Amino acid sequence: MRFFKLLMYCFLSVFILIGCGGPPEDNPLLKEAKNNFQEAENDSAIVTNAPVALKEAEEALQESERLWEEKAGKELVDHHAYISKQKVAIARETAKLNAAQDEVERAESQRQKVLIKARKAEAIAAEKRAEEALSQAEKERREAQKARERAEELAERVNKLEAERTERGLVLTLGDVLFDFDKATLKSGGERAVEKLAQFMKEYPNRNVMIEGFTDTVGPADYNKQLSRRRANSVRQALQNKGISFSRIQVRGYGERYPVASNNTESGRQQNRRVEVIISDAEGNIDERTTSD
Amino acid sequence: MISFNRLLKNNVILVLYVGIALVLVSCASTKPPTQELARTEAVINQADQVGAEEYAPLEIREARKKLQQARELESEEKYEEAKRMAIRAEVDAELAEAKTLSEKAQNAVKQLRESIKLLKEEIRRKQRGQ
């Protein structure tokens with residue numbers, strides 16, 4: 001009997017030794033919870049923004065560790081480790097939430113600033129548009145003024161040319177006295193008139209001319225026609241000599257046609273012996289004489 | 001050979017200790033975890049209301065699953081386990097709620113930043129355009 005009793009105690013103490021001695025089995029969930037907690041504890045954002053959840057995580061972790069050391073059931077140890085792990089996750093989300101809320105506040109005030117800037121930019125743009133409209137109006141006014149001045153200048157130049165305004169445009173008449181009798185050569189007076197015309201054409205390069213020659217009815221019509229043409233040509237030649245392009249000058253010899261006065265009197269005949277220079281409009285166009293005249 | 005009765009007689013203290021321990025364990029599990037289950041349900045509802053289904057679907061489903069398991073354990077009269085399961089479900093729901101709120105706030109930040117970016121572009125375009 002004694003032997004058995006001794007044996008009993010031996011077994012008991014062995015069991016107790018086995019139970020107490022040796023490290024407890026590793027618990028992976030507890031390990032994970034511990035790591036997570038330590039990581040969170042070192043994160044200043046979590047420590048400041050979610051102290052309550054972090055504290056709860058710590059308590060659950062300690063409970064889990066205590067149970068583990070006391071070799072409580074795995075389910076119990078796991079339970080508290082799980083609570084700790086989830087509390088750490090909650091602490092993380094809470095920290096993120098707080099950070100985001102701070103960010104929202106900052107971003108909102110930034111947005112306000114940008115909005116003010118946008119309105120300012122809008123105002124500046126409107127101002128700029130107004131200024132541009134003003135300066136455009138001013139520019140147009142100046143251009144109109146210039147055009148007027150040019151027109152006045154032209155009028156003045158035309159006056160100097162002693163040209164006449166007619167339905168066909170400006171017409172400069174070179175009288176009979178500017179040519180030698182029965183010849184096409186220009187006299188010095190005619191040269192001066194051509195000089196003025198050339199000057200005018202240089203100043204107004206868009207204006208072309210048509211030179212038309214006319215005679216009285218003395219002498220054969222064919223001859224007169226040729227003479228009128230030669231006289232017109234010599235005016236063209238004179239203009240070319242002054243540097244006016246050939247292409248800007250048209251020539252017509254009408255002879256006895258289109259008299260401006262009666263051919264029955266000497267003074268009338270003198271008026272009919274003439275060369276007319278028709279100055280084009282600003283686009284360079286000149287109406288042709290119509291035969292019905 | 002020694003009989004079992006004889007063994008018991010010689011270890012009265014040990015037997016008593018085991019008996020007391022058994023009683024204590026069974027006493028602790030006699031009460032159903034009604035309070036915990038109710039609280040867990042409330043937290044799940046709260047998380048649902050802020051939109052956890054959209055922003056933290058895994059967490060909220062996990063919470064619901066655990067709540068269901070807790071109820072099953074309760075019906076099996078495993079009250080202690082049921083209570084712990086309910087508590088785990090509760091922290092899952094809490095996490096779902098925290099995550100939802102955090103995601104929403106982060107979305108708000110993103111949208112604000114986007115709006116600021118667009119505003120700035122608009123300003124630049126106006127300044128360039130004029």
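What you have open is a predicted model, in which local features need pLDDT of at least 70, side-chain atom pairs count only at pLDDT 80 or more, and totals for chains, interfaces and linings use all residues. Residues are numbered from 1 along each chain as its sequence is written, while chains are lettered from A and ligands numbered from 1 in the order in which they are written.

Next, colour Leu30(A), Ala33(A), Asn36(A), Phe37(A) and Ala40(A), the buried residues of H2(A) (buried means 20 or more other C-beta atoms, placed from the backbone, within 10 Å of the residue's own; exposed means 12 or fewer, and partly exposed lies in between). Looking down the axis of H2(A), you will find these buried residues within an arc of 125°, so they line one face of the helix (the arc is taken over the directions from the helix axis to the C-beta atoms). On the other side of H2(A), select the exposed Pro28(A), Lys31(A), Asn35(A), Gln38(A) and Glu39(A).

Now move to chain B and select residues 34-50, helix H3, whose 17 residues reach 25 Å from first C-alpha to last, close to the expected 24 Å. Its buried residues are Glu36(B), Leu37(B), Thr40(B), Val43(B), Ile44(B) and Ala47(B). Seen down the axis of H3(B), they fall within an arc of 130°, so they line one face. Turned away from that buried side are the exposed Gln35(B), Ala38(B), Ala42(B), Asn45(B) and Gln49(B).

Definitions and conventions. Helix = DSSP H or I, 4+ residues; strand = E, 2+ residues; numbered from the N terminus. Expected span 1.5 Å × (residues − 1).
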